[in-house]
2 protein chains.
Amino acid sequence: MKKLNTTPISGMQELLPEKQIIFDDIKNKIEETYKSHGFQKIETPTIDRSEILFAKAGGDTEKQIYKVVKTAETAEDADQALRFDHTVPLARYVVEHESSLNFPFRVTQIGKNFRGERAQKGRFREFYQLDIDVVGRETLPIAYDAEVIATLYDALKSFLKPKMLIRVSNRKILSGLIEAQNLQEKSAQLFSIIDHAEKVSPEKTAEALDEIGLNQDQKDLMNSFMSIKGPRAEVIEKLAALNIENETTKQGIKELDEVLKLLDAQDAEAIGDMLIVRGLDYYTGTVFETFLPDYQKLGSICSGGRYENLARNYTDQNFPGVGGSIGLTRLFSVLDENNLLSNETEDGKPAVALEKPIDIAIVPISENENEYSLKLAKLLRTKGFSTDTILTDKKLGAKLTHAAKIAKFGIVIGENEAKTSELKIKNFETGEEKPLSSLNS
Amino acid sequence: MKKLNTTPISGMQELLPEKQIIFDDIKNKIEETYKSHGFQKIETPTIDRSEILFAKAGGDTEKQIYKVVKTAETAEDADQALRFDHTVPLARYVVEHESSLNFPFRVTQIGKNFRGERAQKGRFREFYQLDIDVVGRETLPIAYDAEVIATLYDALKSFLKPKMLIRVSNRKILSGLIEAQNLQEKSAQLFSIIDHAEKVSPEKTAEALDEIGLNQDQKDLMNSFMSIKGPRAEVIEKLAALNIENETTKQGIKELDEVLKLLDAQDAEAIGDMLIVRGLDYYTGTVFETFLPDYQKLGSICSGGRYENLARNYTDQNFPGVGGSIGLTRLFSVLDENNLLSNETEDGKPAVALEKPIDIAIVPISENENEYSLKLAKLLRTKGFSTDTILTDKKLGAKLTHAAKIAKFGIVIGENEAKTSELKIKNFETGEEKPLSSLNS
């Protein structure tokens, strides 16, 4: 019989148990932080109607949506596809369950999304996203923008040692500037040029500004604008000094000021930075990206922003929101590649759990000791120890080798131990053996 | 603009935040129990190659597999589909990563599977399964069958109050009986008749046995066999009394005896029951189902068994396994329908978390108190309280209403509180208000 190939499809992350523990530990820390900030978890279906998913997608995303083929038994259903982010299902959820929700609705979604992208290093087709959003009804104060950023910062801090930097801007500032200069027709191009400015040389950026036909004053203004970056007071002062006579810009500066002030109040390391625009995204106000300055090549590890109307496809009611996301599958992969998973945090605890997964392995010498071993395991579990029992009919040496690979401690049960209950526990790390009573000390 | 319909596709579970908390609480309890028994978590991709998924499926399952349409950027890939269980990806995983795993490999998979079934009450197209398996290399002692059942029993016990009963059999007993009676050609039909015996009248079963051409002695034997049910000693004695001269049957009885003995040793409520055969499944030895005797209509809430060779499609090596699964999406749904989610456990704790999701809501009276409120929230979080801040510009009364809906306690911050830090905390349940210092008492 021809045997099937067992490698996973390319673009899929499949971890060994030792790595999976670390992944789960990070995921739990992020989730706990989200909850500690009052975010409530929901889960939306992975499969949704195509009309819902394609309504928002657009651009490259649309080409990357996995459609699902109807089965014989779902033939009458509408066309369906796999969700590619958490925001689209969230909008549907909020409108569907509106009357049962409390607004502002602090919500978190933690699950897998899917994009059928071309396979390439560091890109995944199936990936965890850990989102938070605050959704308001009709209005949502700017303070929530800071709250979302502060929550994501705390979540990253919960497992990452390296210094972090959140770079914040507000798209209203640039939108107003464009309006004031009568450059509305070039708006998309300008946002795109600034979005790419860090990835290309200054000459390239200058060329691009030439190409879309900016005059010298406008180019100077854009260059001044793009160079503004730093702590709150400095950034707000420099923005004011640009003297842009436009209400949208003024509103954007005021919002940015407020967000940075509230982030400072919570000791989140944030700066204002006009190079952050989030490209062609649908954000309308606050935008942010997060970097590890000592590992700049990792790129932004967490980003998001404010959107004026979450649910325009479903309702005439207005649901403004602000949200952000940690793309954990990619982040985990780059942290692993850069050997950052075993770093120690400032408080001396390892950044991630690298311990053996199981506390105690019980090794019965023969199957006559199985019953006693299972009872002992039950007792140890009630005391909070994860406990494995090695029930194979291999030789004792082989069983102990297996036990030492998976567990921190081992207890051998022979005829005598089962009779007298005088047990010894061995620390596989140090080789030290002690009477079991010492377990509690 | 035409607005889109926001209801989820039928067959999808979408919970409100209050219910999601209960669901997650149960899921966590099961996962913790699995881990306490030494099971290591892995995650396999949701999307796998069709040749892998269809290789095992067969029968109805094959008709229910959701295929995935290639996108423009994955056009060169092999045909793909969504996994319909955890066992197929596990087999692929074990063969793929064999050299890095420790056998017997205690493994748990917790995630969503997909079946495009006809929509009907209590059936889900996207559903959580919480599987455990022990996979051996070449051999796997029968003691692991008991270990898997005991682990699942403990996992269910961790959140379910009602009495449980695990009904265990071993397919070798019936296989050998069929061999001894020279009824091999009718094997599939006999397994199916017994599998359905509880769902139809005794007359129907008798008719079915007639129809496939059993003689009176054979019918009497089958009826005696099917009636055997009870504690270990009784069941083993009655099986022996059938006097079936067949080595497979004898081996099956011996294995059942051992499994029930080890379950008794761990106080799992299990009986032998010859009506349990797991239909046309691929199990080859131990089979089991779990019921709540006081809620018989819920059907089996957890089942599984032993399979001789997990990975025959991938390798000539033999990987025997034993496993079982809790289908949590369906179980949660029937528990909810039967109002079993709020029951109290024997130790007096609620069976499930029904508390408000958030500990403390901080309510600044105006946005002047936002900064102080965010700092206070940060402090409370470091003390372990999940803390929301109500940052809306609504009136105080509306903010307090919101706070009382989502949180157990509230703290109002006005100008004076922000200045003096003399804070009061209100218990929304009792209405009682105390100075904040009492929070720790």
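**Figure 1. A loop in chain B that holds Pro104(B).** In this predicted model, Pro104(B) sits in the loop between α4 (87-96) and β5 (105-114) of chain B.

**Figure 2. Asn243(A), a residue with a positive phi.** You'll find Asn243(A) in the loop between α10 (232-241) and α11 (247-265) of chain A. Asn243(A) isn't a glycine, yet its phi is positive, near 55°. Is Asn243(A) buried or exposed? Count the other C-beta atoms within 10 Å and you get 8; since 12 or fewer makes a residue exposed, Asn243(A) is exposed.

Figure 3. Asn182(B) has 9 other C-beta atoms within 10 Å, so it counts as exposed, the cut-off being 12 or fewer.

**Figure 4. Where chain A meets chain B.** How many residues does each chain bring to the contact? Chain A brings 86 residues, and chain B brings 86 residues as well. On the chain A side, helix α13 (residues 370-382) makes the largest contribution, with 6 residues. Sort that side of chain A by class and you get 31 nonpolar, 25 polar and 30 charged residues.

**Figure 5. Domain 1 and domain 2 of chain A.** Chain A is assigned three pieces: domain 1 (11-147 + 292-338), domain 2 (165-288) and domain 3 (358-440). Zoom in on domain 1 and domain 2 of chain A, whose C-alpha centres are 26 Å apart. Where these two touch, 12 residues of domain 1 are in contact with 14 residues of domain 2. Which elements give two or more residues to the domain 1 side? They are α5 (143-157) and β11 (302-307) of chain A. Strand β11(A) gives the most, with 5 residues. By class, the domain 1 side of this contact with domain 2 of chain A has 6 nonpolar, 3 polar and 3 charged residues.

Notes
Residues are numbered from 1 along each chain as its sequence is written. Chains are lettered from A and ligands numbered from 1 in the order in which they are written. This is a predicted model: local features need pLDDT of at least 70, side-chain atom pairs count only at pLDDT 80 or more; totals for chains, interfaces and linings use all residues. Helices (H or I, at least four residues) and strands (E, at least two) are DSSP runs, numbered from the N terminus. A residue is buried if 20 or more other C-beta atoms lie within 10 Å of its own, exposed if 12 or fewer, and partly exposed in between; C-beta atoms are placed from the backbone. Two residues are in contact if their C-beta atoms, placed from the backbone, lie within 7 Å. Ala, Val, Leu, Ile, Met, Phe, Trp, Tyr, Cys and Pro count as nonpolar, Asp, Glu, Lys and Arg as charged, and the others, Gly among them, as polar. Domain bounds come from an automatic or database domain assignment.
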